[in-house]
Amino acid sequence: MTESISGIPETEMPGDATPQGTPAHNGAAPGADATEAPGRPRIGDTRPAPPPRPVLRPVVGGATAEGQVTPVAADESSISEGPDEGGTKRSRTRRRGGHSSRGRSVGRYSMCVHVQPGATQIAMLEGRSLVEHYVARGSDETTQIDGNIYWGRVQNVLPGMEAAFIDIGIPKNAVLYRGDVRYDRDDVEGGSKEQPRIEDVLRPGQTILCQVTKNPIGAKGARLTQEVSLPGRFAVLVPNSDTFGISKRLGDNERRRLRRIIDDVKPAGHGLIVRTAAEGASAEELSRDVTSLLAQWRAIEVEAARSDQPRLLYGEPDLAVRLLREELNNEYRSVTIDNLELYEQVRSYVASVSPELAERVEFYDTGVEPLPLFERYHVHEQLHKALDRKVWLPSGGSLIIERTEALTVIDVNTGKNVGKTNLEETVYRNNLEAAEEVARQLRLRDIGGIIVIDFIDMEIRENRDKVAAALRNALARDKTRTQVGDISELGLVEMTRKRISEGLIESLSHVCEICNGRGIVLDAAAL
């Protein structure tokens, strides 16, 4: 799910569903069985792991003559009170965040970090299902630079493209579009204008402070902005700006509470955006976060004043730390890392920003464990499936995903799904499954740009609207911004997904030297 305030993405994970306890079994024999829990999900299933089966425990003070027992859900803690009129202690329950397992808080999500020579892979799991995958390589100081702040020099300005190419100290120049340029109207050549042209604001040889908003992809250079921002755990500092905002995903009461706090901690001369993660944060925590961001900004200003040479002023931390800063909350049950050095770095960071979550960072000792980390959590198997062009749906239908330079096409097929009632109902149910799986595959494969989905034709307009709504609801869990159109009469959906970095296939492969990526080998003799 993505919420953007001044172009700064926010991340929020969906809340966990809390299982409800079943009524007490009156008149049943002791040890009577409870309602059967739903089946465990299969590998690749998009559903979260089912809630733990309710545990039957005798009423505090002993069972009644009829052998009455009371089920206590695994995510509730019993609080004993004084004895009632019958001499039996009453018990009530208090809900707490996430499930619990032997006293440990457990959420829906988990993260596995696998460190290899020259690369670090990070897998995000929802239940047992792999939903996102990232690869950080040793050469990422020139490719994975999203969020870095640079001192750049304008190389040339292209009025016809309303863009300027900026040297930021890496081999390929970055691009700065007119809409991302900050300027003082008094400094604009030719007098003040409502929308000055880019050549009136920037000149070749001029040095500027800029931040990367999009990694270089293929032949395209990185995209820049002069609206610099420094993200923290609870807030985002926007230096030299009057920007102010609070995440819209927070409730009205929480927004009012945070506004009162921010009025006291907001630094003079700088903007501030409060993130969704600030829900429930105290004034002391917010103040500490803002103070840390101000110290970072002062260090950047000092570094910028040292020289006019294009160079890096501030680099984002390791990918694992960056993802934890953006996403780690009570919904995460564990962060498992198989490298001791990275484990200590991550645990130290989490302990400093969220001490209550530090115990969830775990070290996976490959010298003791019989299986590699990705094998232990079935990530390796799901990665292989994610690299295939064909994806099977639970009912027997399938998706065919074809990627091209211009766009990505996803074809929905019924495959082995023959249905039970009529064709329209079969197609409708198949398309509903496909909508959920398409959203998951877009996240997992990190597919960006223009996407066209070819759903199976549905005659009833209401069914088309329901499938489109299901697709939008599934995409709401994606932190990357998407725009989705309605299903056309031909069953096509046109949508876009913001492309920030290369996709899963590109990060785990290289272009074939024989066919040059075309997928075919030409017959030289025939030519």
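**Entry 1: a salt bridge between loops**

I started at Glu162, which counts as partly exposed at 38% relative accessibility. For the label, I took buried as under 20% relative accessible area, exposed as over 50% and partly exposed as in between, with a 1.4 Å probe and protein chains only. This is a predicted model, so local features need pLDDT of at least 70 and side-chain atom pairs count only at pLDDT 80 or more, while totals for chains, interfaces and linings use all residues. Residues are numbered from 1 along each chain as its sequence is written, and side-chain values use heavy atoms, with hydrogens and water left out.

I then looked for the partner of Glu162. Its side chain meets that of Arg178 in a salt bridge, 3.6 Å from N to O. The pair links distant parts of the chain, 16 residues apart. Arg178 is in the loop between strand 14 (174-177) and helix 1 (198-201), and Glu162 is in the loop between strand 12 (149-158) and strand 13 (163-167). Arg178 counts as partly exposed, at 29%. My cut-off for a salt bridge was a side-chain nitrogen of Lys or Arg within 4 Å of a carboxyl oxygen of Asp or Glu. Helices (H or I, at least four residues) and strands (E, at least two) are DSSP runs, numbered from the N terminus.

I searched the whole structure and found 26 salt bridges. One of them joins Arg477 and Glu436 at 2.4 Å, N to O. Arg477 lies in the loop between helix 9 (461-475) and strand 28 (482-484) and Glu436 in helix 8, so the pair ties together parts that are 41 residues apart in sequence. Arg477 is partly exposed at 25%. Glu436 is partly exposed at 26%.

I also looked up Glu303 and Arg306, whose side chains meet at 2.9 Å, N to O, in a salt bridge. Glu303 is partly exposed at 21%, whereas Arg306 is exposed at 64%. A network of salt bridges links Glu132, Glu327, Arg443 and Lys479.

**Entry 2: cavities**

I found 2 cavities of 30 Å³ or more. On a 1 Å grid over the protein atoms alone, a cavity is a set of points where a 1.4 Å probe fits but cannot get out, and lining residues have an atom within 4 Å of a point. Points are joined across faces, edges and corners, and a volume is the space filled by probe spheres set on them.

The largest cavity has a volume of about 90 Å³. I counted 10 lining residues, of which Glu126, Val131, Arg440, Arg443 and Arg477 lie nearest the centre. Strand 11 (129-137) and helix 8 (423-445) each supply at least two lining residues. Helix 8 gives the most, with 4.

**Entry 3: cover and surface**

Helix 4 (residues 319-327) is mostly covered, with 9 of its 9 residues buried. Among them are Arg322, Arg325, Glu326 and Glu327.

I placed Ala268 in the loop between helix 2 (252-265) and strand 20 (271-274). Asp242 is 26 residues from Ala268 in sequence and 9.2 Å away in space, C-alpha to C-alpha.

Leu527 is exposed at 80%. I located Leu527 in the segment after helix 10 (504-507).

Methods: On a 1 Å grid over the protein atoms alone, a cavity is a set of points where a 1.4 Å probe fits but cannot get out, and a pocket is an open set with protein on both sides within 12 Å along at least five of seven lines; lining residues have an atom within 4 Å of a point.
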